[in-house]
Amino acid sequence: MTLEDTENTSPAADDYLRRRALRQGSAGWLLLTGLGVGYVVSGDFSGWNIGLAEGGFGGLAIATVLMGVMYACLVYALAELSAILPAAGGGYGFARRALGTWGGFLTGTAILIEYILAPAAISIFIGDYVESLGLFGLESGWPVYLTCFVVFIGIHLWGVGEALRFSLIVTAIAVAALLIFAAGAFTEFRADGLNDIPADASAFGANSWLPYGLLGIWAAFPFGMWFFLGVEGVPLAAEEAKDPVRSMPRALSLSMLILVLLAVLTFFASTGARGSAAIQDAGNPLVVALQGDGDPTALSRFVNYAGLAGLVASFFSLIYAGSRQLFALSRAGYLPRFLSLTSRRKSPYLGLLIPGAIGFALAAGTGNGARMLNIAVFGATISYALMALSHIVLRRREPDLPRPYRTPGGVLTSSVAFVLALSALVATFLVDKDAALIALGVYVVALAYFAFYSRHRLVASAPEEEFAALAAAEAELERN
């Protein structure tokens, strides 16, 4: 794509970007780390345990290790990319530079699928927790979902600094609760409970540790991801970060370290306290691990309330991530431009309200949180593969590009992330074929919009587009 293929807004380019400006310098490394953990922490309280029904303890353990490796490799690759291009586009911006406009749109759309569907699903889970705890006598349903979207989008509209501080506080409560849970659950740890799911004799390679055989490891990939799903969204805060070149790599690394620790503690404490079979189908596995079929204890009640805090933290953080990805794609013309307009408080108000309305409609209309999360996982795995590929391409094609931070292991690291992301993408069809096909259908519609309309109306003055155009111009000069 040449510069002539894009639509520059000059001479009104300055006014165009002024009306689409975010508040810079609002987030330091601590708030960014809290954001990274907040994206993910709800997955420790629920969801991952369903992988026990797909692969057993051994299958889910291996899947979690492999997915942890994938996320670690991806995070280190993103740390380098975010230091090169600290803009709100995140994954879209990286892929735009490396893979062109088609690659940028493919990546950005996949990320949007993840960040619009995941909050919708989590709002349903919040409703279930509110009902199970008997809070205010409410039942899970559209009034609870609507309250979630209205209240938490309202905080985001107030301002990014206030929003991220709120996210940090709620995330800290959830993390503290996980540590307290682990301390209590380990007092009842029994090693023989880990592999108490009966083996399926018809499954290839089945044994007590792999009751569903070797294929069970692969089928458990999407659930191993739940311990880390969303951490890749930290670079979306780049334009609002203090010193993003230094704070982004630091926040990404710290977030991943915290999430690995929480995953190990939660996984072993839960399965060891009550057994894998007892929690494999539980909606609140940590509570079941503590009390089983007995009466609630003080600790189980505390963990139940903390689970609600964890869901709120992830819901709140994912709304932020989705709004910033939509903002960046709209500002560059990939999506309707009015979606990137910002308020006096520098919040992309339509980028918050419209995805929120879609999320609420999906939650209220379907009530199927598990299906929506599986669709979100499908989008996530596509974006992971494309972001890892972007790192590989930029390392090969532009080896002399200034890199304030360099990924340990270089291309080998991002290649591992690429292969594992493709494996996880295929695994989504093993778990929920219908969800994968729905996501694929949404993807096809979005690509048709880009092919026939928006790719002819891109905004060359948008940061991600300008960065790519400059790179193309430099390459042309070198050829000449």
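Buried residues make up 60% of the 480 residues in the protein. The model is predicted. Colour the chain by secondary structure to begin: the count is 18 helices and zero strands.

## Stop 1: the aromatic rings

Select the side chains of Phe, Tyr and Trp. The model holds 25 aromatic pairs. Begin with Trp-48 and Phe-267, an edge-to-face pair with ring centres 5.6 Å apart and planes at 90 degrees. Trp-48 sits in the loop between α3 (42–45) and α4 (51–84), while Phe-267 belongs to helix α10 (residues 244–274), so this pair ties together parts that are 219 residues apart in sequence.

Go next to Phe-57 and Phe-268. Their ring centres are 5.7 Å apart and their planes meet at 75 degrees, so this pair is edge-to-face. Phe-57 lies in helix α4 and Phe-268 in helix α10, so the pair links distant parts of the chain, 211 residues apart. Are these two residues buried or partly exposed? Phe-57 has 7% relative accessibility and counts as buried. Phe-268, at 33%, counts as partly exposed.

Now select the whole group. One aromatic cluster is formed by Trp-48, Phe-57, Tyr-71, Trp-209, Phe-227, Phe-228, Phe-267, Phe-268 and Tyr-384. Keep Tyr-71 and Phe-228 labelled for the next stop.

## Stop 2: Met-256, in helix α10

Stay on helix α10 and select Met-256. Its relative accessibility is 6%, so Met-256 counts as buried. Show its neighbours, leaving out residues up to four places away in sequence. Met-256 touches Gly-68, Tyr-71, Ala-72, Val-75, Phe-228 and Val-231. Two of those names, Tyr-71 and Phe-228, are also members of the aromatic cluster. Draw a distance from Met-256 to Tyr-71, C-alpha to C-alpha. The gap is 8.0 Å in space, against 185 residues in sequence.

## Stop 3: a charge over a ring

Select Arg-250 and Trp-29. Where does Arg-250 lie relative to the ring of Trp-29? Arg-250 lies over the face of Trp-29, 3.9 Å from the ring centre.

## Stop 4: Gly-90, between α4 and α5

Move to the loop between α4 and α5 and select Gly-90. The relative accessible area of Gly-90 is 1%, so this glycine is buried. Which residues does Gly-90 touch, leaving aside those up to four places away in sequence? They are Pro-235 and Leu-236. Then draw a line from Gly-90 to Leu-78. The two are twelve residues apart in sequence, and their C-alpha atoms are 8.7 Å apart.

## Stop 5: α5 against α14

Two packed helices are described by the angle between their axes and the distance between the axes. Select helix α5 (residues 91–133) together with helix α14 (residues 349–366). They pack at an angle of about 50 degrees, with axes 8 Å apart. That angle makes α5 oblique to α14. The crossing of α5 past α14 is right-handed. Show side chains at the contact. From α5, pick Ile-116, Leu-117, Ala-120, Ser-123 and Ile-124; from α14, pick Pro-355, Ile-358, Gly-359, Leu-362 and Ala-363.

## Stop 6: α15 against α17

Select helix α15 (residues 369–397) and helix α17 (residues 433–452). Their axes are 8 Å apart, and the helices pack at an angle of about 60 degrees. α15 and α17 are therefore oblique to each other. Here, too, the crossing is right-handed, with α15 passing α17. Which residues of α15 make the contact? They are Arg-371, Asn-374, Ile-375, Phe-378, Ile-382 and Leu-386. On the α17 side, select Asp-434, Ala-435, Ala-436, Ile-438, Ala-439, Leu-440 and Tyr-443.

## Stop 7: Val-287, in helix α12

End at helix α12 (residues 285–291), where Val-287 has its place. With 4% relative accessibility, Val-287 counts as buried.

Technical notes:
Residues are numbered from 1 along each chain as its sequence is written. This is a predicted model: local features need pLDDT of at least 70, side-chain atom pairs count only at pLDDT 80 or more; totals for chains, interfaces and linings use all residues. Side-chain values use heavy atoms; hydrogens and water are left out. Rings of Phe, Tyr and Trp (its six-membered ring) pair if their centres lie within 6.5 Å; planes under 30 degrees apart count as stacked, over 60 as edge-to-face and the rest as tilted. Helices (H or I, at least four residues) and strands (E, at least two) are DSSP runs, numbered from the N terminus. Buried means under 20% relative accessible area, exposed over 50%, partly exposed in between (1.4 Å probe, protein chains only). A charge sits over a ring if NZ of Lys or CZ of Arg is within 6 Å of the ring centre and within 35 degrees of the ring normal. Axes are lines fitted to C-alpha atoms, for helices over the stretch in contact, and angles run from 0 to 180 degrees between N-to-C directions. Angles under 35 degrees count as roughly parallel, over 145 as roughly antiparallel, 65 to 115 as roughly perpendicular and the rest as oblique. A crossing is left-handed if the near helix is turned anticlockwise from the far one by less than a right angle, and right-handed if clockwise. Contact means heavy atoms within 4.5 Å.
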